[in-house]
Amino acid sequence: MYETPAEAQTAYQAILGFTPRLLLASFLAYLVGEFLNSFILAKLKVKTQGRYLWLRTISSTLIGQGADSLVFITVAFWGIFPPGDMGTAIVSQWLFKVFFEILATPFTYWIVNALKRAEQEDYFDRETDFNPLTLSQNS
């Protein structure tokens, strides 16, 4: 095992010391990415009058997951990766997510149509306040 407590501490730091930074990066990226994804998806649904689901999902993924990848890679690896490698990591992660969304589009159509039939409803966020800093006032 380890000869000294210092060696054990070094091993612990190497394995788990990075965890808080990854958690912060994940949390911030999720907040930014999912907010943008949801906002764009809802606004495009209103603008396209509920048509072109493929355009809405892929467009919202392009922007939302682009922001997610940018925030995550930057917060998680700033000072660890050289700038060029960070750019490559951001673009690679973003392209993977967009490619996955394109592949998942037929399944998205199937699930969305099944839900609309089951619920007999098609929601539009015409009056939604997307400001995440406002507090709801119940009357």
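The protein chain has a radius of gyration of 20 Å, whereas a compact globule of 139 residues would have one near 14 Å. The model is a predicted one, and its C-alpha atoms fill a box of roughly 65 × 40 × 30 Å when the box is taken along the principal axes. Within the protein chain there are 4 helices and 0 strands.

**Overall dimensions and burial**
- Of the 139 residues in the protein chain, 27% are buried.

**Secondary structure and contacts along the sequence**
- The pattern of the protein chain, when read along the sequence, is α-α-α-α, in keeping with a count of 4 helices and 0 strands.
- When contacts between residues at least 6 apart in sequence are considered, 72% of them join residues that are at least 24 apart.

**The pairing of α3 and α4**
- Helix α3, which covers residues 53–77, and helix α4, which covers residues 83–119, have axes that come within 8 Å and cross at roughly 150°.
- Because angles over 145 degrees count as roughly antiparallel, this crossing makes α3 roughly antiparallel to α4.
- The handedness of the crossing between α3 and α4 is right-handed, and the residues of the contact of α3 with α4 comprise 16 nonpolar, 9 polar and 3 charged.

Note on methods. Residues are numbered from 1 along each chain as its sequence is written. This is a predicted model: local features need pLDDT of at least 70, side-chain atom pairs count only at pLDDT 80 or more; totals for chains, interfaces and linings use all residues. Side-chain values use heavy atoms; hydrogens and water are left out. Axes are lines fitted to C-alpha atoms, for helices over the stretch in contact, and angles run from 0 to 180 degrees between N-to-C directions. Helices (H or I, at least four residues) and strands (E, at least two) are DSSP runs, numbered from the N terminus. Angles under 35 degrees count as roughly parallel, over 145 as roughly antiparallel, 65 to 115 as roughly perpendicular and the rest as oblique. A crossing is left-handed if the near helix is turned anticlockwise from the far one by less than a right angle, and right-handed if clockwise. Ala, Val, Leu, Ile, Met, Phe, Trp, Tyr, Cys and Pro count as nonpolar, Asp, Glu, Lys and Arg as charged, and the others, Gly among them, as polar. The radius of gyration is taken over C-alpha atoms; the globule rule is 2.2 Å times the number of residues to the power 0.38. Buried means under 20% relative accessible area, exposed over 50%, partly exposed in between (1.4 Å probe, protein chains only). Contact means heavy atoms within 4.5 Å.
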